[in-house]
Amino acid sequence: MKAVICGAGIAGLALAQRLDTLGWTVTVLEQAPAPRAQGYMMDFFGPGYDAAARMGVLPAIRAYGYQVGELTYRDDRGRRRASLSYARFARMVDGQLVSIMRPDLETVLREALPDRVEVRYDARLTRIDQHPDRVEATAADGTVHRADLLVGADGIHSTVRRLAFGDEQRYLRHLGFHTAAWTFDDPEVRAAVGDDFALTDTTNRQLGCYVLRDDRVAVFAVHRTPDPALSADPQAALRREYAGLGWIAPRALAACPPAADIYYDQVAQIELPNWSDGRVVLVGDACQAVSLLAGQGASLAVAGAYLLAEQLARTDDDITAGLRGYQTLMRPLVAEKQQAARDGMAWFVPESPWRLRARRLALAAARLPGVDRLVASALVGKSSTLPRSQPATRRQDRTTR
Ligand SMILES: Cc1cc2nc3c(=O)[nH]c(=O)nc-3n(C[C@H](O)[C@H](O)[C@H](O)COP(=O)(O)OP(=O)(O)OC[C@H]3O[C@@H](n4cnc5c(N)ncnc54)[C@H](O)[C@@H]3O)c2cc1C
């Protein structure tokens, strides 16, 4: 069996490794000219952590991991107003947590691929043609790739989804925030931040900094806005939006680079009734984006990729049954994380001073035994592991059709 995977992000690379292990021939098409260096820190825990362990990549992921001291909220002069220690957060998820930069996670997954998996960069998918016995994916340079299955692992603004299922507006739920990430060099800010993930303790907008292994400072910014449309000039928009914040914010904003070096997007979720159509299937953010508010999109991307490959293997060459099994297993988990993210929005970036105060109190209470589990569940939803697959035979399939 042959698969073409569109997108060499977290979901695409994880799926390429699994399908190859299960005997598929795999080609990955990636629109970027080379592995993307831009990124942000992610907490990697939950179902994807289990999947990574089963894939054998967990030791490498841990090797790239960061030891973050505390998540601290600071006032205009840098004084701590609230905090949550990462050690405590790790205990809340039973120690199964790694803080890792997105490009580092991709590096681990890419390096886990054998040479026989072809990863083509500068290969943007632009067209899909489905036939009863095959699917054809056409890249921008006109190359046609034929396969038994085409996988859209091309992220929240998926082209595969648009071509196979229709316009983004039908499936994208704007959560009312824009977010941005960039890096800069500044020894003074580096010294002020130390080994914390230091965020402003502010309403409606929040700017945070943490220090990378190479001593650069990484910025994470998120602010409320009802308008999903993104500015054509993110540098100017971000400077305007975060103007007036104190402590290290002015230095971070002064160092904000031009558009090409900023990650900048709306905060959104993707909900669509079917994740597959014929020989086309979606994986990762393309079908199940939970948003950064859930803090588990990468984890769910790896989990989804793992389960998709497993279901395809269990149903042998009955692709339809495998795709159905994958969606049945994955969807409830995604729905729960999406709901948890929406429920937590008010706390993530408080809208009012009283909510800000309430968050401080909740984080202080999280130091108490017992309360910490409640705070963890408010932060990340129910504690979840990789859903267990039922062997999906073709006979079962026909009866459930
Ligand atoms: C600021 C921020 C913080 C986050 N924090 C966390 C966290 O703490 N924990 C966590 O688990 N998750 C977190 N996430 C979410 C996580 O980053 C995503 O859920 C995850 O990256 C999704 O992976 P993916 O492979 O599905 O998509 P992506 O990472 O978006 O990869 C898609 C790939 O497809 C390529 N592509 C797109 N279109 C085409 C095309 N037409 N042809 C070819 N290639 C194409 C893209 O170039 C890209 O390489 C965070 C996200 C943000 C923005």
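So, to start: in what order do the seven strands of the open sheet run, and what is the pairing? The order is S5-S4-S13-S14-S15-S12-S16, and the pairing is mixed. Strands here, like helices, are DSSP runs numbered from the N terminus, with at least two residues of E for a strand and at least four of H or I for a helix. Two strands count as paired if DSSP finds at least two bridges between them.

Quick housekeeping before I go on. What you're looking at is a predicted model, so local features need pLDDT of at least 70 and side-chain atom pairs count only at pLDDT 80 or more, while totals for chains, interfaces and linings use all residues. Residues are numbered from 1 along each chain as its sequence is written, and side-chain values use heavy atoms, with hydrogens and water left out.

For angles, axes are lines fitted to C-alpha atoms, for helices over the stretch in contact, and the values run from 0 to 180 degrees between N-to-C directions.

Inside that sheet, have a look at S12, residues 172-184, and S15, residues 217-224: they pair antiparallel over eight bridges. Contact, by the way, means heavy atoms within 4.5 Å.

Now the other sheet I wanted to show. This one is open too, with three strands in the order S8-S9-S10 and antiparallel pairing. The edge strands are S8, 125-131, and S10, 144-147, each pairing on one side only. The twist averages 20 degrees from one strand to the next.

Let's walk through it from S9. S9 covers residues 134-139 and is joined to S8 by six bridges. Those two strands make a hairpin with two residues between them. Among the bridge partners, His131 goes with Arg134, and Ile128 goes with Ala137. On the S10 side there are four bridges, again antiparallel. S9 and S10 also make a hairpin, with four residues between them, and Gly142 in that turn has a positive phi of about 95 degrees.

Why is S9 largely enclosed by the rest of the structure? Because five of its six residues are buried. Buried means under 20% relative accessible area, exposed means over 50%, and partly exposed is in between, with a 1.4 Å probe and protein chains only.

Ala137 stands opposite His145 in S10. His145 is buried as well, at 8% relative accessible area. Leaving out residues up to four places away in sequence, His145 touches Val4, Thr27, Leu29, Arg120, Val135, Glu136 and Ala137.

Last topic, the rings. How many aromatic pairs does a search of the whole structure find? Six. Rings of Phe, Tyr and Trp (the six-membered ring for Trp) pair if their centres lie within 6.5 Å; planes under 30 degrees apart are stacked, over 60 edge-to-face, and the rest tilted.

One of the pairs is Phe45 with Phe89, edge-to-face at 5.7 Å centre to centre and 75 degrees between the planes. Phe45 sits in S3, residues 41-45, and Phe89 in helix H4, residues 86-92, so this pair ties together parts that are 44 residues apart in sequence. Phe45 is buried at 3%, and Phe89 counts as buried at 7%. Ring pairs also bring in Tyr86, linking Phe45, Tyr86 and Phe89 into a cluster.

Another pair is Phe197 with Tyr210: tilted, 4.7 Å centre to centre, 50 degrees between the planes. Here Phe197 is in S13, residues 197-200, and Tyr210 in S14, residues 205-211, 13 residues apart. Both are buried.

And finally, two arginines over rings. A charge counts as over a ring if NZ of Lys or CZ of Arg is within 6 Å of the ring centre and within 35 degrees of the ring normal. Arg213 lies over the face of Tyr66, 4.1 Å from the ring centre, and the charged end of Arg355 sits over the ring of Trp347, 4.8 Å from its centre.
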